[in-house]
Amino acid sequence: MSREFVNAVCGALPGAAYSEPFGPGTAVWKVGDKIFAAIGSEDRGASVKCPDVETAEMLRDAGAAEKAPYFH
C-alpha cells in the first residue's frame, strides 16, 4: 500500500484533512479533531480506525489487516 494510494483514498473523503502532527513524514488524516487514518514515514502500511471491534477482527481474519502494536 503506497503513500500515494492512502493519500488519494483519504483525500477523496468528505471533510477529510491532512496533517503531520507527529513531524514530517507521518501522514495523518482527520475529520474534525478525530484521526481515522495514518501512514508512517517508512510506508509499511496504514493504520485505520474501524467502526467496531467486529470489523477489525473480520479484516484480521481475512488476512487484509493486522493489529498495530501500539493500539489496544
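This report describes surface patches and several individual residues of a predicted model.

Residues are numbered from 1 along each chain as its sequence is written. In this predicted model, local features need pLDDT of at least 70 and side-chain atom pairs count only at pLDDT 80 or more, while totals for chains, interfaces and linings use all residues; side-chain values use heavy atoms, with hydrogens and water left out.

**Surface patches**

Asp52, Glu54, Glu57 and Asp61 form a patch of negative charge on the surface. A nonpolar surface patch consists of Met1, Phe5 and Val9, which together have about 330 Å² of accessible area. Patch members have over 30% relative accessible area and no salt bridge; like charges are joined within 9 Å and nonpolar side chains (Val, Leu, Ile, Met, Phe, Trp, Tyr) within 5 Å. A salt bridge is a side-chain nitrogen of Lys or Arg within 4 Å of a carboxyl oxygen of Asp or Glu. Asp and Glu count as negative, Lys and Arg as positive, and His and the chain ends are not counted. A charge is placed at NZ of Lys, CZ of Arg, CG of Asp or CD of Glu. Areas are from the Shrake-Rupley method with a 1.4 Å probe, and for residues only the protein chains shown count as cover.

**Exposure of individual residues**

Buried means under 20% relative accessible area, exposed over 50%, and partly exposed in between (1.4 Å probe, protein chains only).

| Residue | Relative accessible area | Class |
|---|---|---|
| Met1 | 63% | exposed |
| Lys34 | 62% | exposed |
| Glu54 | 54% | exposed |
| Gly45 | 30% | partly exposed |
| Lys30 | 22% | partly exposed |

**Positions and contacts**

Helices (H or I, at least four residues) and strands (E, at least two) are DSSP runs, numbered from the N terminus. Met1 lies in the segment before helix 1 (3-11), and Glu54 is in helix 2 (residues 53-61).

Lys30 belongs to strand 2 (residues 27-31). Leaving out residues up to four places away in sequence, Lys30 touches Gly15, Ala16, Ala17, Ser19, Ile35 and Phe36, where contact means heavy atoms within 4.5 Å. Gly11 is 19 residues from Lys30 along the chain, with 9.9 Å between their C-alpha atoms.

Gly45 sits in the loop between strand 3 (34-39) and strand 4 (46-48). With residues up to four places away in sequence not counted, Gly45 touches Ala38, Ile39 and Gly40. The C-alpha atoms of Gly45 and Val6 are 9.0 Å apart, at a sequence separation of 39 residues. Lys34, in strand 3, is 11 residues from Gly45 along the chain, and their C-alpha atoms are separated by 20 Å.
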